[in-house]
Structure formats: C-alpha cells, structure tokens
Amino acid sequence: MNIIRKASTTILRPQFNYQKVILFPGDGIGPEISKAVIDIFDAAKVPIEWEFHEIHKKRVTEQGDLITEDTLKQVKALKYALKGPFETPIGKGYRSINVTLRKRLQLFANVRPCKSIKGVKTPYPGVDVVTIRENTEGEYSGLEHEVVPGVVENLKIVSYNACQNIAQYAFEFARANNRKQVVACHKAGVMKQGDGLFLKVCDDVAKNYPEIEFSEEQIDTMAFKLANDPTKIDVMVMPNLYGDIVSDLCAGLIGGLGLTASGNIGKDCEVYEAVHGTAPDIAGKNLANPTALLLSGIMMLKAMKLNDYANRIETATYSVLEEGRFLTGDLGGKSTTTDYTKAIIDKL
Amino acid sequence: MKNCVRQAFRSNSTLRGAWSQNYLQRPGEGQLKNVTVLPGDGIGPEITRSVMQVFDALHVPVKFDVLDNFNFDNDEQRNLLKKNECILLGVMTEKNQKYTDNYRFYKYLDLYANITFAFSVEGIKQRHNNTDIVVIRENTEGEYSGVEHEVYPGVVESIKVTTKQASLRIAEYAFEFAHLSGRKKVTAVHKANIMKLVDGLFLSAHREVAQKYPFIKYEEMIIDNCCMQLVKNPTQFDVMVMPNLYGSIVQNVVAGITGGVGMAAGASIGKDHALFSQGCRHTGRDIAGKNIVNPSALLVSSSLLLRHLGLPNFADQICSAVQETIQERKLKTKDIGGKASTEQFTKEVIKCLGK
C-alpha cells in the first residue's frame, strides 16, 4: 500500500525542463533575502531552477572588474538573472559591480516602477510613476582625469544610438503597459548639445507613437513636481544621472528602497535587482525585509511571461503588507524575515 | 525664572521693543543706498513691483536702479550690472530660450554661492512639518561649465569641470554661514562613488574646511540617497552644500516639500556682489501677467537684502508682515491654497507692517 502511494506521488510530479535563472545572492543581507524569495517561489511552484553565482572581492580581474567573463557569458546564455545587493566602494580601486554588469551586458534601460503600497503609510498617497533611465553612458562613463593639479574633468557622453535605444524602449514600454504619458527629463538649457541631442531623439521617436502624450521638462522642475504633487506624473525617461536621482526620489515617495523593484533591460538579457544597500548592521540576524527582491523577482516573472505565478505571488505580498500583522522592523513591525516569508506563503 | 522673563517679554511690548528691535547704526548709515533691480521676464516684473511697493511703504532708504528689458549680450547693459553691490532679481532668462539657467550671468558677476531657504511655514498645507533647510549650491562650475562639443557625428561630450579652488571657496562659505547663523550641521552632497575624481575633489575640500569648525557637525551623503531622505525625513537636514547640478535639483525638491516655489527665498553671493531672488529659478510663464503669482519668496529675499545692507529692523518688519498675512489674516495666493491676487496680498502685507 505504502509503496503504491509513494510511486503515485512520484509520477504525479512530472519533471519539466524548468527554465534556469541566474541568482546573485549578494553581500550583507543578500543571502537571507534570496532564500526568502527562493522559498516563496518554491511554495508557489514557479517552474524555475536557480543557478547560483557568487562574487568574491578578492578575485579582481585584469580590467579591474569583480565579475569573470564566464559569469557574464552565462547570464547572456540564460537571459534572466536576479541580483541581491552588492557593496559599492567609495573612491576605491575596482569598478562598482553594478556598473560593470550594466556596461558589459549592455543593459541599456533601467526600469523602476514606483506605486504606492496600501498598508505602507507615506506623506505621498496615490503615486504611480515609472522611471526609465538610460543605463550605459552619460555621466557614468567613468572617464575622468586631472587636467592640471587642482582641476578635474568628468566627461559626460551622449550618443545618438544610446538615446535612440532608450527612447524606443520607453515608448514601447508605455504602449505595452497602457501608459498614457511619457515625459523626457533633461537639462538642455545648460547642456545644449548633450541633452539637446537626447531631447531631439525623444521627439523623433514620439512621432511614431501618436497615442502617447509626449512632453519634456527640465530635471529640476521635474524634481519639484515630484516632491510637490507626484500623482499627475506617469512615465519618465531620462539620461543616466538624472535617472539615478529621480528613481531614488520616487522610491522615497512610496516608502523606501526596501519596497522598490528594479529591472535592467538589455537586448540579450535582463537583470532584475534589489536596489537597497547591503545593510551590514542587520546582516545574518533574520531581520531583513525581502520585499524589494521579491517584487523584482515578480517583475522578472512577468517578463518571462509567467504572469499567473507572478500575479499570485504579487497578490499574496500586497495582501500581507496591507493587513500589517507580519511586518519587518523597517516597516514598523516586529516580524522576522522568516515570519514574513511564511505569511506570504500562507496567502498563496 | 527664565519662563517669567519670557512671559513678560510677550505681554509687555515696551520691554520687547527696548531689548530686541534696536540697531545702533554708524552715523550716516541711513543714507540712500543704490540697489539694481532686474525685473526680467515671466513673473519677474510682478514680484519686483511688489517688493518696491513694500519698500516704499516702509520708507526704506534705498534707491532702485531699474534695468528693464535686460539683455545679457548687450555690452552696455552688462557693464551697468557691476555698478551697485546689491541686485534684486525677478527672473532672468537667456534671450529666446525657455529655460532660466543663465549661467553666464552668474559667472560674470562671480556669484559663486547660490543659497535657497526652505522652511515649513505654519498655515500652509505641507507634507512634512518642522523642515528648516538651507541649500548652498556652487554656482560657477561643475556641470554648468558650458564646455561641450560633438566629437563625432552623433556623439557629444559635455565636460563637467571641478576645481579645488572653487570647491574650497564654497566649502568656506557654507561653514562660515553655518557658524554665523547658529546652524549645527553641514551635509555635503555628492556622487563620489561613481564620479570618483570630480566629486572626490569636492569632498576633500570640504573635509579640509570641516576641520577648522570642530563645533559644527559634518556629514556626507550621496545625492540619490539624499533626495530619498528629503522626501521621507527632511527634518534631519540643516545646511546642505553641493555642486551645481545637484544643487539645482535639491533646491527644487526642498521647495516642493515645503511651501513651494512661491515661498522659497534665495540669494547668490560673491565677493563683490550680492544678488537676491527667488530660491528656485522658474520663469512661471504660464502664470505671468495674471496677477496670481506669490510674491512671498521675493519679499523674504528682500529682507535678506536689507540685512545685507545693514538695515535689520526693516527686514524684521517685512518678515513678520508676510508671516502675519499668511498665518493670522489667512490671505494666501493660489499656489499655497488661497484665492488672493498678487496685488491683494501685497496690500495686506503693507497693512501688517509695523505691528
């Protein structure tokens, strides 16, 4: 009797070729929150097989990077990756891992949707904005030098191709997600040629999407509008530095980086990541909030067209947040990472 | 004992007058001083007119040299700018441009420190309370160096220049300001984790100057985290100092979290000149000429001008009048939730003077 039951259970669980996805757990709280996401995806029976990749600070490559060529090839081969938080050194020898990934994998667009979460109280209710940021060039080209002692230059590069890619992506995104407005943010009053080129390209691309309302705004006026009344803003597209600032500003509007999803999109592969820090002070203590990595994972599932699983996990997560009984310390609650994870699994 | 004195202060007006509002001038300081006024475009003429009316009502010993239709490219007019030390600015744009960043103007007068005051005003609906931030922005270099070229068709380079000299200058100004205004903390805002050399130079200059002011707390914060903190928890900030572009963004964010562009006063200070204007450089073309603009920002800024000229009593009177109009009389312009016109607001401020 027992043998038959055991045999039937093994037959009932068919071995599909689960899609492989790369996971970079990261530093600090990275491993704990990665485990939480793995557990939730497991409980939801998401057909994914995780391939772990660690990054070691002691093994710097010749180019000054921490990621090996093999790892990069693998990401391109498997197409999707989920990444935890990494340390970015201030003024040290090697290049930031985030910047390396973006440049080497040509992840030209960074997408950060920020939507107010019920149950998380902020002074800004009703926010629903998406920041689309050019991810490869601009002020982050890493081209700096000291001209004469005491005078330093940083080169901001703006190229037609990169502008075309990001503008095209922004309008495609808006169309695919039923968004009505796209605003291009720039500082063309000061950087007439650089941001002027960006603006011109956005203008040209907008002509192919007549159903979407396109407008432009200087970055400082946009910052004012976001801090004053963000409910009227929809999708924003902008160069690298402004995108960095604005996407963090938007994260602040909905409750912080601990609740924000983010995706880096390239032509060959996509890397979804948690954008908060490594929080070394709470690492290993089972106190971390895995929501950011989880929401990024959900974004990834939707990109992989596994919408059913994505929606189920998303509903469960928002339900737990709205109920407020099991919240981690950063949201004002007392639950541990494992309690919060279990609460979401229970809601699936 | 302390409480009794404070109570007596509040109820006994003669006692209050004897202690707090007197200023002993050097003989002859009350003579007429010349101040250049640049009304400019957009809402500029309306707000400068408001200030001139209030000064008139107070009999302030200031003579205004008004430069209408100012064109920066005109040599004659440009030379006139250097005539007086103090300048009152409405809104300055570049000719035929929709944007207000006329960086050549600030470089010409070497107005290297651009300051914006943003504080929570009671009586105006805001998302955060108890905010009191002063943003000091380096005004002459950085991303606004104006050095650009097309390297190759379709590839443009914009050069961000940072010099040790300018960084030291702005750091000195920020710490000196904090010291003389009784401020406790200076936060340097940067992106040195990505722009290691340029912002690294900026930071090292600030660390150097911070050592001379051990009684002022110094901290550093990355610009993206800073913007997030500003919308989440702005009460942690006191004085903030930063390079040009970040300054432009942060100025607008702090205005957004307090009373808006119409309430944030600002100034641009250099060695030889001092310019007083609104905190945020917005043209306001959409509301120009409709008599709805809020003149409070320029009125508070004009009180800073008066203190700079050594006329603190008039400055106090204007500030109290604006505060009384908004808080007690509850007369507000459209941007802060009321229905009053610019003229009505100005008239009410004039009525409240001298109280």
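The most comes from H7(A), with 6 residues. Before I go on, please keep in mind that this is a predicted model.

How much space lies in the largest pocket? About 1600 Å³. Sorted by class, its lining has 18 polar, 16 charged and 14 nonpolar residues.

Next is the second largest pocket, with about 1300 Å³ of space. It is lined by 41 residues, and A:Pro113, A:Phe173, A:Asn177, A:Met299 and A:Lys302 are the closest to its centre. The elements that give two or more residues here belong to chain A. The strands are E4 (109-115), E5 (128-134), E11 (261-265) and E12 (270-274). The helices are H5 (160-176), H9 (291-303) and H10 (307-323). H5(A) has the largest share of this lining, 7 residues. Here the classes come out as 21 nonpolar, 13 charged and 7 polar residues.

Some of those chain A elements come up again around helix H4 of chain A, residues 97-104. Of the 8 residues in H4(A), 6 are buried, so to speak mostly covered. The buried ones are A:Ile97, A:Asn98, A:Val99, A:Thr100, A:Leu101 and A:Arg102. What covers them includes helix H3 (69-78) and strand E3 (80-83) of chain A, along with E4, E5, E11 and E12 of that chain. After H4(A) comes A:Gln106, which has a positive phi, near 50 degrees.

One more residue in chain A is A:Asp281, in the loop between E12 and H9. Is A:Asp281 buried or exposed? Its relative accessibility is 56%, and exposed means over 50%, so A:Asp281 counts as exposed. In sequence, A:Asp281 is 242 residues from A:Asp39, and in space the two are 24 Å apart, C-alpha to C-alpha.

Now to chain B, and to its strand E12, residues 274-278. Why is this strand described as largely enclosed by the rest of the structure? Because 5 of its 5 residues are buried. E12(B) has strand E3 of chain B, residues 86-91, as a partner: the two run parallel and are joined by 3 bridges. Within that pairing, B:Cys86 has B:Ala274 as its bridge partner. Strand E11 of chain B, residues 265-269, is also joined to E12(B), by 5 bridges, and these two run antiparallel. There, B:Phe276 in E12(B) stands opposite B:Ala267.

The largest cavity holds about 90 Å³ of space. Its lining has 11 residues, with B:Leu89, B:Gly90, B:Val91, B:Met92 and B:Arg281 closest to the centre. The elements that give two or more residues to it are E3 and E12 of chain B. E3(B) gives the most, 3 residues. By class, this lining has 5 nonpolar residues, 5 polar and 1 charged.

My last topic is the cysteines. A disulfide is a covalent bond between the sulfur atoms of two cysteines.

Take B:Cys227. The closest cysteine sulfur to its own is in B:Cys226, at 5.4 Å, and that is too far for a bond. B:Cys227 is also buried, at 0% relative accessibility.

Then take B:Cys352. Which cysteine has the sulfur closest to that of B:Cys352? The answer is B:Cys319, and because the distance is 13 Å, the sulfurs are too far apart for a bond. B:Cys352 is buried as well, with a relative accessible area of 3%.

That is the end of my part.

Notes. Residues numbered from 1 in each chain as written. Chains lettered and ligands numbered in written order. Predicted model: local features only at pLDDT ≥ 70, side-chain atom pairs only at ≥ 80, totals over all residues. Heavy atoms only, no water. Disulfide = S-S within 2.5 Å. Buried < 20%, exposed > 50% of the residue type's maximum accessible area, 1.4 Å probe, protein only. 1 Å grid on protein atoms, 1.4 Å probe; cavity = no way out; pocket = protein on both sides within 12 Å on 5 of 7 lines; lining within 4 Å. Points joined across faces, edges and corners; volume = space filled by probe spheres on them. Helix = DSSP H or I, 4+ residues; strand = E, 2+ residues; numbered from the N terminus. Nonpolar A, V, L, I, M, F, W, Y, C, P; charged D, E, K, R; others polar. Pairing = 2+ DSSP bridges. Contact = heavy atoms within 4.5 Å.
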